[in-house]
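Please look over the model below before reading on. The points that follow are numbered for reply.

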Amino acid sequence: MKTHDPFENPEQERLQLFVYLIPILGFFPALWTLYRHQGTRQQQAVSRLVIVLAFSWLTGLLLLEVGYHNAESFTLAMLLTSSLLTTSYFIVSLGLMIRVWKRQPIWLPGLSRIAEKELGKHLP
């Protein structure tokens, strides 16, 4: 893990957090940060949260897609639920970006704990 450099620009760190929180695309730089064991504690915590959030969205989307193809009578309900799930993912990401902008702590009830406990074990 990279140690804190007193000459590092804190605005650059905030910009990196914004990049991590971009829905779908931010997953890749977040994963790269954890894979390379780089970044500050906050960057690693946000990276873990982004990965859990993206995997939760993708898992829900895949399960709804399987249900959509297997259930003939609930097709419209499955499609509506899928669009609500995707919309929620984007709104949560936007909300987290607003928290970064306001310099507030970045956390989500339940998901932050899962990210720290489970991903913290496997991706320190």
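1. R14 is placed in helix α1 (residues 10–20); helices here are DSSP runs of H or I with at least four residues, numbered from the N terminus. R14 is buried, at a relative accessible area of 14% (buried means under 20%, with a 1.4 Å probe and protein chains only).

2. A polar atom of the R14 side chain lies 3.4 Å from the backbone oxygen of V100. Apart from neighbours within four places in sequence, R14 is in contact with V100, W101 and R103, where contact means heavy atoms within 4.5 Å.

3. This is a predicted model, in which local features need pLDDT of at least 70, side-chain atom pairs count only at pLDDT 80 or more, and totals for chains, interfaces and linings use all residues. Residues are numbered from 1 along each chain as its sequence is written, and side-chain values use heavy atoms, with hydrogens and water left out.

4. The average pLDDT of the protein is 84, and 88% of the residues score at least 70; pLDDT is the predictor's confidence in each residue, from 0 to 100.

5. Helices α3 (residues 41–70) and α4 (residues 75–101) pack with axes 9 Å apart at an angle of about 170°; axes are lines fitted to C-alpha atoms over the stretch in contact, and angles run from 0 to 180 degrees between N-to-C directions. α3 is therefore roughly antiparallel to α4 (angles over 145 degrees).

Key. Helices (H or I, at least four residues) and strands (E, at least two) are DSSP runs, numbered from the N terminus. Angles under 35 degrees count as roughly parallel, over 145 as roughly antiparallel, 65 to 115 as roughly perpendicular and the rest as oblique. Buried means under 20% relative accessible area, exposed over 50%, partly exposed in between (1.4 Å probe, protein chains only). A polar contact is a pair of N or O atoms within 3.5 Å; within protein, one must be able to donate a hydrogen and the other to accept it, and residues adjacent in sequence count only if both atoms are side-chain atoms.
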